[in-house]
Amino acid sequence: MRVSAAIRSQPLDDRLSKRNFDMLSKYIYDYSGIKMPHSKLTMLEGRLRRRLRVTAMPTFDSYCDYLFKHGGIEAESIFLIDAVTTNKTDFFREPKHFDYMIQAALPDILKSYPDRRIRTWSSACSTGAEPYTMAMVLSEFLELVDAGTRLFRACDRSFDRCAAEGPARDLSERFSWPPFPPT
């Protein structure tokens with residue numbers, strides 16, 4: 001089995017310095033809004049080790065120098081953010097969020113804005129499961145509280161692509177999404 005030079009040259013005890021961790025953490029937050037507290041140091045190191053291998057950087061110091069001193073952040077930013085994000089999609093992922101939505105957010109929205117359309121947004125959904133879940137929760141909630149006919153839209157940034165490839169095409173009509181292209 002061949003082992004790449006980057007893997008062989010990366011010391012097993014290589015760790016992110018506090019200075020580099022702080023720079024990465026600030027950049028990640030400024031770029032994406034993702035908080036990276038010091039309790040996530042080990043997770044960040046593990047995920048960045050893959051980037052070190054891909055970029056053939058022998059150490060975290062050399063990787064951070066490349067990013068912050070030699071202008072590599074522009075070329076690497078999308079890969080860095082992708083490395084630190086969860087990359088998980090599921091129906092009813094994070095159930096406590098939906099509990100909050102039903103118990104607090106939606107009742108408050110209906111009380112404060114009784115005649116307004118409801119719009120929800122879920123960022124970075126790979127298959128669209130999260131916005132579909134929001135639409136199902138909204139539909140069921142509005143039916144239970146007898147809120148009358150209300151239009152709502154649940155989407156994510158890449159919704160058009162996700163919805164067309166997502167679970168069930170007939171959901172577009174049921175949940176007031178734009179029509180799918182004919183097949």
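**Entry 1: α2 and α3**

I started with where helix α2 meets helix α3, which covers residues 41-55. I'm working from a predicted model, so what I note here is about that prediction. The axes of α2 and α3 come within 12 Å and cross at roughly 85 degrees. That angle makes α2 roughly perpendicular to α3.

Which residues make the contact between α2 and α3? From α2 I found Phe 21, Leu 24 and Ile 28, and from α3 I found Leu 41, Leu 44 and Leu 48. I sorted the residues of this contact by class and got six nonpolar, no polar and no charged. I also jotted down a reminder about helices: with 3.6 residues a turn, residues three or four places apart point the same way.

**Entry 2: the whole chain**

Next I stepped back and looked at the chain as a whole. I counted nine helices and two strands. Reading along the sequence, I get the pattern α-α-α-α-α-α-β-α-β-α-α. The chain has 183 residues, and 36% of them are buried. I then looked at contacts between residues at least 6 apart in sequence, and 65% of those join residues at least 24 apart.

**Entry 3: α4 against α5**

Then I moved to helix α4 (residues 60-68) and helix α5 (residues 73-84). Their axes come within 8 Å and cross at roughly 120 degrees. So I wrote α4 down as oblique to α5.

On the α4 side, the residues that meet α5 are Tyr 63, Tyr 66, Leu 67 and Phe 68. On the α5 side, I listed Ile 73, Ala 75, Glu 76 and Leu 80. By class, this contact has seven nonpolar residues, no polar ones and one charged.

I also checked the loop between α4 and α5, where Lys 69 sits. Is Lys 69 buried or exposed? It is exposed, with a relative accessible area of 54%. I left aside the neighbours within four places in sequence, and Lys 69 still touches Arg 19 and Cys 64.

**Entry 4: aromatic rings**

I went looking for ring pairs and the count came to three aromatic pairs. One of them is Tyr 27 with Phe 68, which is edge-to-face. I noted 6.4 Å centre to centre and 70 degrees between the planes. Tyr 27 lies in helix α2 (residues 18-32) and Phe 68 in helix α4, so this pair ties together parts that are 41 residues apart in sequence.

How accessible are the two partners? Tyr 27 is buried, at 19% relative accessible area. The cut-off for buried is under 20%, so Tyr 27 makes it into that class with its 19%. Phe 68 counts as partly exposed, at 29%. Ring pairs also link Tyr 27, Tyr 31 and Phe 68 into a cluster. I remembered Phe 68 from the previous entry, where it is one of the α4 residues that meet α5.

**Entry 5: Ser 32**

I stayed in helix α2 to look up Ser 32. Ser 32 is partly exposed, with a relative accessible area of 33%. Ser 32 and Ile 81 are 49 residues apart along the chain, yet their C-alpha atoms are separated by 7.6 Å.

**Entry 6: positive phi values**

Phe 92 is partly exposed, with 43% relative accessible area.

Glu 94 is in the loop between α5 and α6 too. Its phi is near 55 degrees, a positive value in a residue other than glycine. I have Glu 94 down as partly exposed, at 41%.

**Entry 7: helix α7**

My last stop was helix α7, residues 129-144. The 16 residues of α7 reach 22 Å from the first C-alpha to the last, close to the 22 Å expected at 1.5 Å a residue.

How many of the 16 residues of α7 are buried? I got 12, so α7 is largely enclosed by the rest of the structure. Among the buried ones are Pro 131, Tyr 132, Met 134, Val 137, Leu 138, Phe 141 and Leu 142. Glu 130, Thr 133 and Ser 139 are on the buried list as well. Just after α7 I found another positive phi, about 50 degrees, at Asp 146.

Notes. Residues are numbered from 1 along each chain as its sequence is written. This is a predicted model: local features need pLDDT of at least 70, side-chain atom pairs count only at pLDDT 80 or more; totals for chains, interfaces and linings use all residues. Side-chain values use heavy atoms; hydrogens and water are left out. Axes are lines fitted to C-alpha atoms, for helices over the stretch in contact, and angles run from 0 to 180 degrees between N-to-C directions. Helices (H or I, at least four residues) and strands (E, at least two) are DSSP runs, numbered from the N terminus. Angles under 35 degrees count as roughly parallel, over 145 as roughly antiparallel, 65 to 115 as roughly perpendicular and the rest as oblique. Contact means heavy atoms within 4.5 Å. Ala, Val, Leu, Ile, Met, Phe, Trp, Tyr, Cys and Pro count as nonpolar, Asp, Glu, Lys and Arg as charged, and the others, Gly among them, as polar. The expected span of a helix is 1.5 Å times one less than its number of residues. Buried means under 20% relative accessible area, exposed over 50%, partly exposed in between (1.4 Å probe, protein chains only). Rings of Phe, Tyr and Trp (its six-membered ring) pair if their centres lie within 6.5 Å; planes under 30 degrees apart count as stacked, over 60 as edge-to-face and the rest as tilted.
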